[in-house]
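Let's take a walk through this structure together, stopping at a few spots along the chain. Keep the view open as you read.

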Amino acid sequence: MSVKTVAIIGCGIGRLHMIEGYLPHPDKFRVKTICDLNVERLNEFGNEFGIEGRTTSFEEVLADETIDIVDICTPPGIHLEQVIAALAAGKHVICEKPLTGSLAGVDTIIEAEKGARGVLMPIFQYRYGDGIEKAKRIIEAGIAGKPYVGSVETFWLRTPAYYSVPWRGKWATELGGVLVTHALHLHDMLLHLLGPVSKVFGRVATRVNDIEVEDCASASLLMQNGAFVSLSCTLGSQEQISRLRLHFENVTFESSHEPYTPGKDPWKVIPANDDVKAQIDAVIGDWQPVSPRFTTQMAHFHAHLRGAAPLPVTTKDARRALELVTAIYQSADTGREISLPIGPDSPKYADWRANTR
């Protein structure tokens, strides 16, 4: 099996990529180089994990022909230019969320991918874990039946200390607030299980911290399959939880409440009757435990690179999640329900931050 060489760009969240994504897979990945503008943090990271390749130059990484994968873990405001440059350099690319700050930016990336030698995988690590993957298998088997309603809650806590990092809390560099940086995970989980959105009505506000971007939001969704879903999120919850609860004709699912690992068991899977329970047992009775978060997403990515599996998360997946963000911001600005899909005719297509500052 071919071991892929990796350069991690940004030693903040990049440290979690190292611990959860690469160290568990020494037969699949080798982190050769790390890159960060903060030399002290760069050396701390390198010393901790024994990485000799250290640089403050992104261009130097791109010029290194021995690097297979560029893993972008930098602040959101520079994702777009770095993804485009890495694809142009012929690298495979992994990019933290949000992939970029507009649907126009995502569409630019999609065009760049068409002529690229490498592939791009956006990060949506919350999709992985025993709970959500069992629910996905049950739904795809047709057992759950018609979807009725659902709710998604992202109740986290962020204090002023969190926003002492200069790029956080600002439209120019973080690109948004709770919708973009925090709840995006849970909202992707919803889309992963329930499919695309048809209509959105949303509200946003800044109520918790003295920042530019929103830290509270709520939205009402009509899904393409007819289900109703309510979203609510805040960064002012004194008990942090993440929760999805989805009601289908034959099954109700409820995620674990762990704020940062909601994909893990235990999930409640409540069948309508014994016959449904028997069908569920037949579908997941041979279940083999899976690792949560980055560990499984990176393993799936390696399988894709060697031609053994589909790409686990695509740019179109990222676009779907960011289209929901765009619709909520547009609805909050106009006080109107927004229909999806959103294209270039939308006032938020080129930049969802327009009229929000």
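Leu175 sits in the loop between α7 (171–174) and α8 (178–182); helices here are DSSP runs of H or I with at least four residues, strands are runs of E with at least two, and both are numbered from the N terminus. Its phi is near 75°, a positive value in a residue other than glycine. Leu175 is also buried, with a relative accessible area of 4% (buried means under 20%, exposed over 50%, and partly exposed in between, using a 1.4 Å probe and protein chains only).

A quick word on the model: it is predicted, so local features need pLDDT of at least 70 and side-chain atom pairs count only at pLDDT 80 or more, while totals for chains, interfaces and linings use all residues. Residues are numbered from 1 along each chain as its sequence is written, and side-chain values use heavy atoms, leaving out hydrogens and water.

Now hop over to Arg293, in the loop between α10 (274–284) and α11 (294–305). Arg293 isn't a glycine, yet it has a positive phi of about 60°. It's buried, with a relative accessible area of 9%.

Next, some cis peptide bonds. One joins Lys97 and Pro98, with omega about -10°, and Pro98 belongs to the loop between β5 (92–95) and α5 (103–114). Another links Asp265 to Pro266, with omega about 5°; look for Pro266 in the loop between β12 (251–254) and β13 (268–271).

Finally, find Val149 in strand β7 (residues 147–157). Val149 is partly exposed, with a relative accessible area of 37%.
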